[in-house]
Amino acid sequence: MNLGGKTAIITGSSSGIGLGIARAMANAGANVVLNSFTDTDADHALADEISSVSGVQARYIKADMSDGTQCRELIALAGQCDILINNAGIQHVAAVEEFPVEKWNEVLAINLTAAFHTIAAALPLMRGTGWGRIINISSAHGLTASPFKSAYIAAKHGLIGLTKTVALETARNAITVNAICPGYVLTPLVEKQIPDSMKEYAMSRDDVIEKVMLARQPSKEFVTVDEIGGTAVFLASEAAAQITGTTISVDGGWTAI
Ligand code: NAD
């Protein structure tokens with residue numbers, strides 16, 4: 001796969017899936033822009049490391065994806081955007097009657113509304129070059145539900161609706177728009193859910209992993225960040241030029257049930 005000369009912007013890429021996608025894009029030859037809401041030496045060191053390992057240009061740009069203005073500034077500061085990966089996401093686990101309103105708003109802002117802003121800012125750049133790839137990281141929870149995750153599941157379903165709509169608006173412009181729907185990947189986001197799920201389900205850590213998380217993943221294995229990265233690189237390739245407006249599940253069979 002050769003993505004040489006392309007620039008990929010990956011939101012929320014200082015850890016987990018986003019970082020895995022950034023590494024995969026860089027290994028395929030794309031220049032990468034890493035992002036998160038912090039601005040630490042470690043954030044910039046990650047970009048330096050990717051640059052030295054893959055021989056591409058890698059930059060870190062701070063932008064808080066809960067703020068629409070900063071979402072649009074991220075694209076403007078990057079200056080070039082051939083591949084946009086909307087990956088930043090947070091989770092909050094609570095029963096709907098007890099779901100804090102500020103958490104609902106934050107989950108919707110970062111997991112859904114940020115993609116609206118970045119897409120709106122990136123499309124003129126893609127139309128300008130006559131080529132583009134937008135890859136939205138939804139979830140198996142964009143296609144199915146589980147209790148106690150109302151905001152996340154609403155946002156991830158909404159992100160698939162946004163994916164389909166923008167795909168139709170760009171179908172004649174060599175721009176594709178798709179969503180990847182991962183099952184459980186053992187990243188910091190999932191680690192953070194384990195204590196809350198232990199409380200909600202009154203279970204031990206091992207039981208939450210086995211009986212709640214991987215219960216619905218028939219492979220009984222966590223998906224890896226490399227598998228998500230490889231899927232993103234495929235969607236960015238010419239082989240995927242006619243794949244648009246759809247979802248690709250990488251979930252060990254979860255949504256086949
Ligand atoms: P993670 O917590 O490891 O990484 C999330 C990234 O987003 C981090 O780099 C974090 O700094 C960044 N981020 C958080 N809030 C931000 C903000 N306001 N502005 C900018 N960046 C912000 O999580 P992950 O598991 O790698 O999740 C990445 C994406 O994959 C999310 O959209 C998540 O919903 C989705 N996903 C994860 C799983 C899973 O099992 N881990 C499954 C399906 C979908």
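**Legends: a predicted protein–ligand model**

**View 1. The whole chain.** The protein chain has 8 helices and 7 strands. The model is predicted. The radius of gyration of the protein chain is 17 Å, close to the 18 Å that the globule rule gives for 257 residues, so the chain is as compact as a globular protein of that length. The C-alpha trace spans about 50 × 40 × 35 Å along its principal axes.

View 2. The largest pocket holds the ligand. Around the ligand there are 31 residues. Those that come nearest are S36, N87, Y152, V185 and T187. By class, the shell comprises 15 nonpolar, 14 polar and 2 charged residues.

**View 3. Elements that build the shell.** Four elements each supply at least two shell residues: α1 (16-27), β2 (31-36), α5 (150-170) and α6 (188-201). Of the elements, α6 gives the most to the shell, with 3 residues.

View 4. A polar side-chain atom of Y152 is 2.6 Å from a ligand oxygen. Y152 is also among the residues that come nearest to the ligand. For D64, a polar side-chain atom lies 2.8 Å from a ligand nitrogen. I17 takes part through its backbone: a polar atom there is 2.7 Å from an oxygen atom of the ligand. Taken alone, the ligand exposes 830 Å², and the protein buries 94% of that.

How values were computed
Residues numbered from 1 in each chain as written. Predicted model: local features only at pLDDT ≥ 70, side-chain atom pairs only at ≥ 80, totals over all residues. Heavy atoms only, no water. Near = heavy atom within 4 Å. Polar contact = N/O pair within 3.5 Å; in protein donor to acceptor, adjacent residues only side chain to side chain. Areas by Shrake-Rupley, 256 points an atom, 1.4 Å probe, with all protein chains shown as cover. 1 Å grid on protein atoms, 1.4 Å probe; cavity = no way out; pocket = protein on both sides within 12 Å on 5 of 7 lines; lining within 4 Å. Sits in = over half its atoms within 2 Å of the grid points. Nonpolar A, V, L, I, M, F, W, Y, C, P; charged D, E, K, R; others polar. Rg over C-alpha atoms; globule rule 2.2 N^0.38 Å.
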